Amino acid sequence: MAETWSEDRLVADGFRRVLVELDWYDGVRAGLAEVDGKVHYFQSLNQLDMVDEVEYYVWPASDDVAAMEREQWVIYVEWNRRYEAGEAGVDSHPGHGGIDARYDELTSLLMPHRRAPADALRLVAEWRFGPGARYRAEGIDTWVRWKAIG
């Protein structure tokens, strides 16, 4: 099991909670997290190559877009709570489409913002795990600290 750190220690060490997880494959591949106090998207450049230092495209999300991402995240978190409690099946996952109208609407509105722009930063992520539940409204149990490449 991976080592977990207290939230106070993570913050003191410059880590910030991943606010929204958009893609996961052997680790967080895309999502939203704070960079220098502002919410940013991040997306792995190494989608399938598992390397020690994974580089990410990182670009800002506007306040309105971040709010929509967080709203959609909460819909997912609630579904996941029901799923883990045995109250919902995989077939009811809101990401399948046609399950939750608001989730579908948010997906349509957010898709253009989820693509890295040509001027996206390229940063390396350092990951740590915090205490508590994996998925929650305020984010996931994974924390990130960004550093410049080189």
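In the predicted model, the largest nonpolar core comprises 33 residues. Tyr41, Phe42, Tyr56, Val58, Trp73, Tyr76 and Trp146 have the most contacts inside this core. At least two core residues are supplied by each of β1, β2, β3, β4, α2 (63-84), α3 (101-110), β5 and β8. The largest share comes from α2, which contributes 8 residues. In soluble globular proteins, nonpolar side chains tend to be buried together.

With neighbours within four places in sequence set aside, Val58 is in contact with Val35, His40, Tyr41, Phe42, Ala120, Leu121, Leu123 and Trp146.

Aromatic pairing was examined next. The structure contains 12 aromatic pairs. One of them joins Phe42 and Tyr56 in an edge-to-face arrangement, with a centre-to-centre distance of 5.6 Å and an angle of 75° between the planes. Because Phe42 belongs to strand β3 (residues 38-44) and Tyr56 to strand β4 (residues 55-60), this pair ties together parts that are 14 residues apart in sequence. Phe42 and Tyr56 are both buried. Phe42 also pairs with Trp127; the ring centres are 6.0 Å apart and the planes stand at 55°, so this pair is tilted. Trp127 lies in strand β5 (residues 121-129) and Phe42 in strand β3, and the pair therefore ties together parts that are 85 residues apart in sequence. The relative accessible area of Phe42 is 2%, and Phe42 is buried, whereas Trp127, at 26% relative accessibility, counts as partly exposed. Elsewhere, ring pairs link Trp73, Tyr76, Trp79, Tyr83 and Tyr135 into a cluster. An interaction of another kind involves Trp5: the charged end of Arg128 sits over the ring of Trp5, 4.0 Å from its centre.

The protein has 3 helices and 8 strands, which follow the pattern α-β-β-β-β-α-α-β-β-β-β along the sequence. The radius of gyration is 15 Å, close to the 15 Å given by the globule rule for 150 residues, so the protein is as compact as a globular protein of that length. The C-alpha trace spans about 45 × 35 × 30 Å along its principal axes. Among contacts with a separation of 6 or more, 55% are between residues 24 or more positions apart.

Strand β1 (residues 16-24) pairs in the antiparallel sense with two strands, β8 and β2. The pairing with β8 (residues 142-148) extends over 2 bridges, and Arg17 stands opposite Trp143 in β8. The pairing with β2 (residues 28-35) extends over 5 bridges, with Val28 in β2 as the bridge partner of Trp24. β1 and β2 form a hairpin with 3 residues between them. In the turn, Asp26 has a positive phi of about 55°.

Thr4 and Phe129 are separated by 125 residues in sequence, but their C-alpha atoms are 4.8 Å apart in space. Not counting residues up to four places away in sequence, Thr4 touches Phe129 and Gly130. Thr4 counts as partly exposed, at 44% relative accessibility.

Definitions and conventions
Residues numbered from 1 in each chain as written. Predicted model: local features only at pLDDT ≥ 70, side-chain atom pairs only at ≥ 80, totals over all residues. Heavy atoms only, no water. Pairing = 2+ DSSP bridges. Helix = DSSP H or I, 4+ residues; strand = E, 2+ residues; numbered from the N terminus. Phe/Tyr/Trp six-rings, centres within 6.5 Å; stacked < 30°, edge-to-face > 60°. Buried < 20%, exposed > 50% of the residue type's maximum accessible area, 1.4 Å probe, protein only. Lys NZ or Arg CZ within 6 Å of the ring centre and 35° of its normal. Core = buried A, V, L, I, M, F, W, Y, C linked by side-chain atoms within 4.5 Å. Contact = heavy atoms within 4.5 Å. Rg over C-alpha atoms; globule rule 2.2 N^0.38 Å.
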